[in-house]
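Here is a short report on one protein model. Keep the sequence and the 3D view open as you read.

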Amino acid sequence: MNRKELYEMFGLDNSTGDTEIVDEDEAECIRLSFINNTSTDVLKNIISRYKASYNDECIRFFIDTISMIVNDSKTVIMASSVMSLLPLLTNAFEAEYFDAVDCFERLGEVEGIAQKVFVPMIYGLSFRCSQTEIMSDAGRYVAALGVLMGLPNVIQELRNEQYWGLGDSGLVYAKQIGVPMHFGVLSEHACFLDGFFEPFIYKKCEYGVPVQEYFGMQTKDVIEMSRKAYRALSEYSYKMYDVIFTAIRASPDVKHNFMRYISKVVYISKERSKTVFDWKVNISDGFAFNLCMLMSRFNKKIVDEKMIEKIDPECVEEISLTSFPTFCYFSKIHMMQVSYFKFGEYVKTLAYEYRTFEGEGGERVEAYRKGINSKISALNGLLFATDLFVDEKDFVEFIAEYTAEVEYPWPDFYYKTFLWMQEMMFEIVRSADISESLWKVMEGIMTWKSLAFKKDVVKILSHRSSSIKFKMINHIIDYYNSLERDETRMDVRCVIHTILKDGEVFSKMNICKRNVTFINCMMKDFENRLSEGLSSIKEIKEDSKALDEQIVELKNIKEKSVDEYENDEQIEALEERIRSLKKMIRFLTNKAKGCFMYVNGCFDLFMHILDERPDLFLVEEMIFNFVRVLNCNLKIITGPKCADLVIKSPEKYGFDAKSLLKRMVMVYIKTSSNKFIDAVANDRMYFDIGFFHTALEICESKYLIGEAQICELRDLVCKLEKVVVSSDIVELVPDEFIDPLTFNPIKNPVKLLTSRITVDRSTYDMLMMNGGIDPFNRMPLNDDMVVEDEEFKKRMNEYRRSKDL
C-alpha cells in the first residue's frame, strides 16, 4: 500500500513525501492507532479525507477501516459521529462532495452500513431540514436524501416499516439523534420523511402567531416575497417527488409503506379540519402544504391520462392501499382541505380579530393587531399573490370531471373543498371557464332540497355571471326565495344581486310566482336594510354627541383634580363609558356600511329590472308593497325629520343622502305608468305630495339629475296632483272597507280562517309570498285557510250603490 496515501488517509505527517509500499502489519498498526486515539467525529475525520483517486488496494483498506469502526461494539460515539457526516452531502459545491459520494457508494456494498450509517444520516437530515425555512435552501437536504436513498442496500433497508413510523418497535438511535415526529414530538416511532415536510414560510405555531418576516411589510413587498417563497416551495416539492418516486418505483414494499404512511398522516390531519384543534399534536401548516403539493406531482399522470375509471369512490374517506390512483386522488383532496382551505379559514378568522380590536388603543393592542396582520399578509400572499391556483387548475378541473361522471353521495368535506377551490380558481385565474362537467355538478347541487353548498355555487357563478345558463338562473332565484328565514341570507342575496345585474336576465322572465316572490323578497330586504342603515346613522349621531360630552367632562375632572388619586372612581367610570361608546360607534359604523352597500346593490338591480321588465313590480300582489316602501323612505329623506340624518363625514358610514334621493327619484321616474301613479297617490300610510315637491326642489338646486330627468320628475309630480278622484274615493270609504294591513280600499275581499279577519286578495298573496303566516295571530296559512268573503262583498256593494260609486 502506498505510504503517501495511507498517511493522508489517517492524517499523519508525511513531510518527506515517501511513496514506498507499506506492509500489512504497519498499515494495521496505523489504523488501530487512529481508531483508538480519535475521540470525536471519528467517521467524519476519516471519510472527509477519502479521495476517489486512491488506488484500489488503498480504497479497499479504507472501506474496511470504516466497517471496523461502525461494527466495533466498543464505539459509543456512533450517533454523533454519523450526524457529523451530514455536511459532506449538504454542501454539494464543496471540493470533497464527489469524493464523499464515491466513498458512500462503496460503503453501501458493505453489509450493515445502510442500517448503521445511512439510515441514521437520513434521520439526521430530516431533523436538520425540519429546523429550516423554505427560503433557507431547504432543497439541499432533499438532494442529500436523494443521494443516500440511491446508495446500495438503502432501499432494501427502507422496506422495514419501522422507518416509516408504522412499526410497534422503536428506533434504537432515534432519541440520540433527536428526530421529530410529524406532530412535533420527539419519538422513537418517527418516519424518516417527517422533517422533510416542515420547511415553510414560518415555523410550526398556532394560527395567530405573528410571522416576523412579514411584519409591517408593504403590499408590493409581500407580493414579491410570497412569489419567491412559492417558487421555492414548488421547486422543493418537485425534488421531493423525484426522490420518493424513484424509491417507490424501485421496491413494491417501499411503495406500500409510503402509502400506509400517507394514509396515517391523512387520518391524523383530519383534526385540522375542525374550527379549533390542538396544533401541538397535529401536523404543521408547512407539513400540510408540502404534502399537498407533493400529492399534486403524483396526480399529474392521473389527470393527464384521465384515469377516472381507476378511482374508486368508496375510498373517499378511508384512503385505499390497493389502488395507487385512488390513493393519490383522495389523499390530495384531503390535504387540500387541511392546507389551502384551512389557510383560507385562518385569513377570515384573523381578519375578524383584526377588525374587532380596531381603535381599542394601547401599545399592546396595536402590537397584537400588527402581529395578526403579518400572519394575514403571509397567508394571503401565498394563496392569492402566487401561481398556486394556476398550478392547481388542471387538478381542480379533473375533480369536476370525475364528480360529474361518477354518481356518489360525496361527503361534505369533499364538496366543501372542491367548490372552494373552484371559487378561488375563478377569482384568480381570469382565463378559467366553467366546464360542462362543472355545470352538471352545480346544477345537481342547486336541485337538492337541502341548502348545503348552494351558497358556494352562487359564489362560483358570481365570477362568471355573464356565462350563466337560463336554467341556472331559475335555480338561483329558487334558492334566493328559500332563504327567507336564514339569518345570513343578506350576504348570499347580495352576491346573487351582482349575478342578476349582468346580462339580459329579466327580459326573458315571465310573470310567475317564482319571479314575483323574488321581487317581494328583494323589496323586504331593501326596506329592512335601508331602515337599519338610517337608524344606525341616527344612533351614531347621538352616540358621537354623547362621546364628545363625556370626553369634555373627563378633561374637566382631571384638570380640577389636585391629588393624583382624587376622583379615581369617577374618572374610571367615565373612561369605561367612553370606551363603550367608541366600541358602539365602531359597531354601528360597520353595520351602516353593510346596510348601505346592500341598499346600493338593490337599487342597481331595481334599475336593471325596470329597464327590462318593469311589470314585475306592478302585479297586484306587489305594487302596493312596492309603493309603500318607496313612499316611506321618501318621507324619511325629505320629510320633517330629515335633519336627523345630517351627520359629519357621512362617507365614513357609506351613507350619501343625495345619492340615495337621486336613486329613489330615478325609480319613481322609470316606473311612472298610470297604474303606478295611482298606487303612489292612493297610499294612505306615507304619501304626501309635499315630499315630492321637496324632492324636486333638491334635485333642481343640487343638480342631482339631468335636465331630461328633471322634466320627467316635474311631470310625475303634476300627474300625482291630478289623481284627485282616487284620493276622494279613499276618503269616502269607511274604515270597515279598508284593508287593515295596506290601508287601501278592499276590492276583492277574502277571509283568513285562522284569525277570521278580512283582507284584500292581493294582501293575502303578499302574505303567502312572505312565508304564509297570519300577521294577526302568527298561525301558518295555506290555500285551505282562506275563502271568498261573500258577506263582506255584499255589504261593500250595497255601500257603493248607496253612494252611487
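D525 and R489 form a salt bridge, with their closest N and O atoms 3.2 Å apart. A salt bridge here means a side-chain nitrogen of Lys or Arg within 4 Å of a carboxyl oxygen of Asp or Glu. D525 lies in helix α24 (residues 513-560) and R489 in helix α23 (residues 489-500), so the pair ties together parts that are 36 residues apart in sequence. Helices are DSSP runs of H or I with at least four residues, strands are runs of E with at least two, and both are numbered from the N terminus.

Are D525 and R489 buried or exposed? Both D525 and R489 are buried. Buried means under 20% relative accessible area, exposed means over 50%, and partly exposed is in between (1.4 Å probe, protein chains only).

## How the model is read

This is a predicted model: local features need pLDDT of at least 70, side-chain atom pairs count only at pLDDT 80 or more, and totals for chains, interfaces and linings use all residues. Residues are numbered from 1 along each chain as its sequence is written, and side-chain values use heavy atoms, leaving out hydrogens and water.

How many salt bridges does a search of the whole structure find? The search finds 30.

One of them joins D604 and K501, at 3.6 Å from N to O. This pair links distant parts of the chain. D604 sits in helix α25 (residues 568-612), and K501 sits in the loop between α23 and α24, 103 residues apart. D604 counts as partly exposed because its relative accessibility is 30%. K501 is partly exposed too, with a relative accessible area of 29%.

D611 forms a salt bridge with K670. The closest N and O atoms of this pair are 2.4 Å apart. D611 lies in helix α25 and K670 in helix α27 (residues 657-670), so the pair ties together parts that are 59 residues apart in sequence. D611 is exposed, at 51% relative accessibility. K670 is partly exposed, at 35%. Elsewhere, salt bridges that share partners join R489, R493 and D525 into one network.

## A buried cysteine

Helix α25 also holds C602. Is C602 buried or exposed? C602 is buried because its relative accessible area is 0%. From C602 to L32 is 570 residues in sequence and 90 Å in space, C-alpha to C-alpha.

## A negative patch

D23, E24, D25 and E57 form a negative surface patch. Patch residues have over 30% relative accessible area and no salt bridge; like charges are joined within 9 Å, and nonpolar side chains (Val, Leu, Ile, Met, Phe, Trp, Tyr) within 5 Å. D25 lies in helix α2 (residues 24-37). D25 is exposed, with a relative accessible area of 65%.

Strand β1 (residues 749-752) pairs with strand β2 (residues 757-760) in the antiparallel sense, over four bridges. Two strands pair if DSSP finds at least two bridges between them. K751 stands opposite T758 in β2. β1 and β2 form a hairpin with four residues between them. In the turn, R756 has a positive phi of about 65 degrees.

β1 also runs antiparallel to strand β3 (residues 786-788), joined by three bridges. Here V750 stands opposite E788 in β3. In a regular strand, side chains alternate between the two faces of the sheet.

Notes
Areas by Shrake-Rupley, 256 points an atom, 1.4 Å probe, with all protein chains shown as cover. Lys, Arg positive; Asp, Glu negative; His and termini not counted. Charge placed at Lys NZ, Arg CZ, Asp CG, Glu CD.
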